[in-house]
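Please look through the sequence and the structure below before reading on. The report that follows takes up a few places in turn and then widens to the chains and the complex.

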Amino acid sequence: MSPRLRWRKLVSGFMLTLTGVCALVAVSVLFLILGYLVYHGGTSISWNFFTKLPVPVGETGGGMANAILGSAKMLLLASLFGVPFGFFGAIYLAEFSGATTAFVVRYAADLLNGVPSIVIGIFAYSLVVHPFRQYSTLAGGFALGLMMIPITLRSTEEFLRSVPNDFREGAMALGASKWKTIATVIVPAAYRGILTAVLLAFARVAGETAPLLFTALGNQFWSSGWTQPTASLPVMIYTYALAPYDDWHRQAWAAGLVLLGLILVINIVARAILSRGMAVPRS
Amino acid sequence: MITFLFAASVVLVTVLLVFELWQGSVLSRHKFGFNFFRTSVWDPIFEQFGALPFIYGTLVTAAVSLLIAVPLGIGAAIFLAELAPARVSDTLEFFIDLLAAVPSVIYGVLGIFIVVPLMRQYIQPALKHSFGFLPLFQGPAYGVGFLTAGIVLAIMVIPYIISVSREVLLSVPRDQREAALSLGATHWESTWKVVVPFARAGIFGSIFLALARALGETMAVTMVIGNNPTISASLFSPGYSIAAVIANEFTEATGELHTQSLIELGLVLFILTFILNGFARLLMVATSQRGSRLGHP
C-alpha cells in the first residue's frame, strides 16, 4: 500500500468515525434531557402535584392541578377546531381539487406551518382577545387549534394519496357515490396514517407556550367556564422556572417531566400505530 | 362542496394573518418608517421604538446556532445515511424525531438550570482564557447572553438538520456511490466528493429550514438570552431577540404605539421566516427531482 493510499484510508476512517461521534452527540442530548428531568423533577411528583392548586410563595406543597386541567381544556378545544379543518381540507385536496387550487391551499398550509408560534399568538390575540378585551380558554384553544390545522392537513393528505387508485375505481365500479367511496373505502384504508397525523399534531401543540402567553395568559386558581384566563402546563413551567424560588423551580422540573413524558408517549404511540399497518409515505 | 370550504378557510386564515399583522402595525409603520430598523432606542415611556438591538440579537443568536448545528447535524446525517446499517439508522432517526418533539419551554428550563451555570463557571472563563484577545470573547461571564442562546438554539435545530439532510442523502441514487467507489475512491471520498455535492441543494434547504426555526424560536431564547437590548461585539453580553421582546412586553404594553411596534416586530419575523421557508422548500424539491430524474432514467 502506497503511503498516499494509506493516508487516504486514514482520512476516510477518521472522518467517518467523526460523523459517528456527531450522531452519538445528537442522540445523547435526548437522554441527557430525560435524565435531568427525571433527576430534578422525579422527586417532586406526588399525588398533590396532580390534585392541588399552586400555593402562595413561602408555603411548600401545592400542585398544578389547575394547569393540567387548563391544558386539557385548551387541547380539547384545539382538537375540536383544528382536526376537522385539517381532515376535511385534506379530503378536498386529495380527492376533489384541481392542481391550481391544491397548490394554493398547500402553499398556504405550509406557510401557516412555518409561522413562528409567537406570531400565531399575536394573531389569536388580535382576533379573539382584543375584540372582547378578555384573555380566555377559548382564545388559547383557538391559537393551538390554528397550529394543528396545517400539520394535520398536510400529513393526512399524504396518507390519503397513498391509498391506491384501484380502491377508488373498485368502489366506483360497484356503484358507490364519491362520498360513499371516501367514507367507506378511502378513509378506512388510511385511518392509521390519519390517526398518527392527528396524534402528532396534538403532541406538537401540547408543548406550545408562546401562543398561550397572550391568549390564555395564566391563572393561579381554577378557571371556571371557557372565558377566563387559564393556566396551562407549559406557561406554568415558564413562569415557575424564571421565578426566584427554589420550591417553584422544583415544581417547574416536575411539570416539565410530566409534559415531556406525555408528549413522548403520544409520539411513540403514534409511530407504533403507523408501523403496524400501511406503508409509510415518505414526505 | 363542504370540504372545499374547509380547504379554502386555510387560505383565508393565512391571508387574514398577514392582514392582521399589516393592519395592526399601521401606526408604528407610519410613525417610524425605516428608522424602526435603524435606531436602537426602545423606550415605551417616550414612545420611541427602534428595533435594531432585537434584530441584531435574533441574527447573532441564529448565526451562532448554525455555526454549531450545521457541522454537527450534517455529520450525523452522513453517518445515518451512508454508514449506519438500515436498522441502526432507523432507530437513531426515531430518537432524533423524538428530540424534535421536545417542547421549547423544556429546552428553556434545561437552558437556565444546566447550560447557564455551566457557561458561567466553565465554558466562558475557558473561552476567555484561550481566545480572550478576540472581541467576541470579552467582558464579564454572566452565563446568559448571545452565546448561551445560540448554543441552546443549536441543540434545538440539530434534529431538523439531521432529519431533512438524511432524507436528502438517502435519495441520492446508488449508482453515484458505486461509480465513485469503482474509480478507487475511499468510502469518505465517495461520500464527501460525490454524494454530498449531489445532495447539496437539499442540505442547504435543511439549513434554511433550521435558520427559520432559530429566528422564530421564542421560549428557550427568552429564558437564556438575558433580555437586555444591547448591541455588543461580545458574545458573552446579554442581549434580546425579536421573539423574546414580543413574549415579554406584549401583555404589558403601555400604549397603542407600543403594542403596534411589537406587532410590527411580529411582521418582520413573519416575513423573514416566510422567505427562508420558501427557499428551503425550493431547494429540497430541486434535489429530490434531480435524484429521481437520475435514479430512474
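## Two loop residues

In which loop of chain A is the place of L217(A)? The model is a predicted one, and in it L217(A) belongs to the loop between helix 10 (210–213) and helix 11 (233–242) of chain A. The phi angle of L217(A) is near 60°, which is a positive value in a residue other than glycine. L217(A) counts as buried, because 21 C-beta neighbours are found inside 10 Å and 20 or more are needed for that label.

A second residue, R133(A), also has a positive phi, of about 50°, although R133(A) is not a glycine. R133(A) is placed in the loop between helix 5 (117–132) and helix 6 (137–161) of chain A. R133(A) has 6 C-beta neighbours inside 10 Å and therefore counts as exposed, since the limit for that label is 12 or fewer.

## The fold of chain A

Chain A is built with twelve helices and zero strands, so that its pattern, read along the sequence, is α-α-α-α-α-α-α-α-α-α-α-α. Its radius of gyration is 24 Å, well over the 19 Å that the globule rule gives for 283 residues, and chain A is therefore more spread out than a compact globule. Taken along the principal axes, the C-alpha atoms of chain A fill a box of roughly 70 × 70 × 35 Å. Buried residues account for 48% of the 283 residues in chain A, and among the contacts with a separation of 6 or more, 74% come from residues 24 or more positions apart.

The C-alpha atoms of I268(A) and T196(A) are separated by 10.0 Å, while the two residues are 72 residues apart along the chain. I268(A) is partly exposed, because 15 other C-beta atoms lie within 10 Å.

Chain B has 13 helices and two strands, and its C-alpha atoms fill a box of roughly 70 × 65 × 30 Å along the principal axes. Of the 297 residues in chain B, 55% are buried.

Where the chains meet, 69 residues of chain A are in contact with 62 residues of chain B. Helix 1 (residues 3–41) of chain A gives the most to the side of chain A that touches chain B, namely 18 residues. That side of chain A divides into 52 nonpolar, twelve polar and five charged residues.

The largest nonpolar core has 192 residues, and those with the most contacts inside it are I237(A), I161(B) and V224(B). Leaving aside residues up to four places away in sequence, I237(A) touches residues of chain A, including A252(A) and L259(A), and also V105(B) and V109(B).

## Confidence in the model

Chain A averages a pLDDT of 91, with 98% of the residues scoring at least 70, and chain B has a mean pLDDT of 92, with 97% of its residues at 70 or more. For the complex, the predictor gives an ipTM of 0.92 and a pTM of 0.92.

Residues 278–283 of chain A, however, have a pLDDT that stays under 50, and for them the model has seven contacts beyond four places in sequence. Where pLDDT is low, the predicted coordinates should not be read in detail.

Note on methods. Residues are numbered from 1 along each chain as its sequence is written. Chains are lettered from A and ligands numbered from 1 in the order in which they are written. This is a predicted model: local features need pLDDT of at least 70, side-chain atom pairs count only at pLDDT 80 or more; totals for chains, interfaces and linings use all residues. Two residues are in contact if their C-beta atoms, placed from the backbone, lie within 7 Å. Helices (H or I, at least four residues) and strands (E, at least two) are DSSP runs, numbered from the N terminus. Ala, Val, Leu, Ile, Met, Phe, Trp, Tyr, Cys and Pro count as nonpolar, Asp, Glu, Lys and Arg as charged, and the others, Gly among them, as polar. pLDDT is the predictor's confidence in each residue, from 0 to 100. The radius of gyration is taken over C-alpha atoms; the globule rule is 2.2 Å times the number of residues to the power 0.38. A nonpolar core is a set of buried Ala, Val, Leu, Ile, Met, Phe, Trp, Tyr and Cys residues joined through C-beta atoms within 7 Å.
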